[in-house]
Amino acid sequence: MTVVKAAAVQISPVLYSRAGTVGKVVEKIRELGRKGVQFAVFPETVVPYYPYFSFVQPPYSMAEEHLRLMQEAVTVPSAETHAIGKAARDAGMVVSIGVNERDGGSLYNTQLLFDADGTLIQHRRKLTPTYHERMVWGQGDASGLRAVDSAVGRVGQLACWEHYLPLARYALIADGEQIHAAMYPGSFGGALFAEQIEVNIRQHALEAACFVVNATAWLDADQQAKLARDTGAPAAAMSGGFFTAIVDPEGRIIDEPLTSGEGEVIADLDFELIDRRKRLADTRGHYSRPELLSLMVDRTQALHLRERDAHAGAPSFTTPAEDRTVDPH
């Protein structure tokens with residue numbers, strides 16, 4: 001019988017500071033490791049912080065904030081990803097975390113998954129940034145739209161409104177995910193957004209017959225006030241939307257969700273519950289009709305540079321350094 005101790009982490013960034021936020025994340029990983037946590041999920045783009053400015057500022061006035069985010073964003077690999085990987089290795093923990101990734105002059109909403117030995121085993125970008133986010137982030141591809149094996153089982157990741165994409169979710173379901181890492185920004189959208197998050201993650205747990213570990217970020221009153229001053233927007237626009245929780249394969253919330261303050265929800269994930277749910281409805285198996293309904297996923301990596309070998313006459317695809325495995329040692 002497999003039982004995994006998991007944590008959904010509600011944490012606030014150190015505003016405008018990549019180094020400060022990474023340091024805070026590293027310390028939280030160490031703290032959770034001392035509690036015996038084996039798998040942890042951190043919020044969407046918590047490093048260095050979610051681009052709240054893009055929701056409240058018109059395009060012609062957001063240049064300063066956009067540039068500040070670019071300067072504090074994370075490159076992959078980097079000293080920051082090495083630090084998170086080392087913390088994961090030292091704690092013996094699988095870690096899923098959202099970052100603003102900088103690749104040249106572009107930013108992406110990126111999810112990183114570190115295995116318990118500190119190796120970066122998945123680096124994926126949000127397929128379609130949502131609404132205002134399109135002013136800040138580029139689009140990802142489906143090369144990372146898959147579940148991957150880790151020390152705690154088969155893990156899939158999606159960010160925020162990707163959970164509104166039934167086909168994207170089914171790609172992970174069909175790939176056999178056992179634990180789903182979900183992450184949302186927090187301090188966004190008010191009470192309705194929190195209710196919608198709950199619907200999203202409970203429905204996915206039911207359909208996938210997997211555990212969902214979901215994290216949202218927290219902004220305290222001082223941080224909201226600072227963002228309001230810096231963007232000229234009301235603080236209310238950057239509040240609410242907190243729902244950090246763990247859901248079992250029956251769609252039930254384990255323990256109490258965290259809807260305010262920093263902290264974490266910790267629960268044991270008993271994999272026997274996956275079999276109990278799938279015995280009745282396995283949507284990647286006996287409860288599917290692939291001869292009638294199937295999904296095609298193009299997982300080709302979207303590269304800007306493709307080289308052709310003049311001698312062999314066959315295309316040779318260049319893999320960017322940021323998509324190679326990170327060795328944190």
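Helix α4 (residues 79-91) lies across β3 and β4 (106-114) and runs at about 15° to β4. Contact here requires heavy atoms within 4.5 Å; axes are lines fitted to C-alpha atoms, for helices over the stretch in contact, with angles from 0 to 180 degrees between N-to-C directions. Helices (H or I, at least four residues) and strands (E, at least two) are DSSP runs numbered from the N terminus.

The model is predicted: local features need pLDDT of at least 70 and side-chain atom pairs pLDDT 80 or more, whereas totals for chains, interfaces and linings use all residues. Residues are numbered from 1 along each chain as its sequence is written, and side-chain values use heavy atoms, with hydrogens and water left out.

Six strands build an open sheet of mixed pairing, in the order β5-β4-β3-β2-β1-β11; two strands pair if DSSP finds at least two bridges between them. At the edges stand β5 (120-125) and β11 (263-270), each of which pairs on one side only. From one strand to the next, the twist averages 25°. Within this sheet, β1 (residues 3-10) and β2 (residues 39-41) pair in the parallel sense over three bridges, and A7 stands opposite A40 in β2. Helix α1 (residues 18-34) lies across β1, β2, β3 (94-103) and β11, at about 45° to β11.

The structure holds zero disulfides, a disulfide being a pair of cysteine sulfur atoms within 2.5 Å. For C160, the nearest cysteine sulfur is that of C210, 18 Å away. C160 is buried, with a relative accessible area of 3%, and C210 is buried at 0%; buried means under 20% relative accessible area, exposed over 50%, and partly exposed in between (1.4 Å probe, protein chains only).
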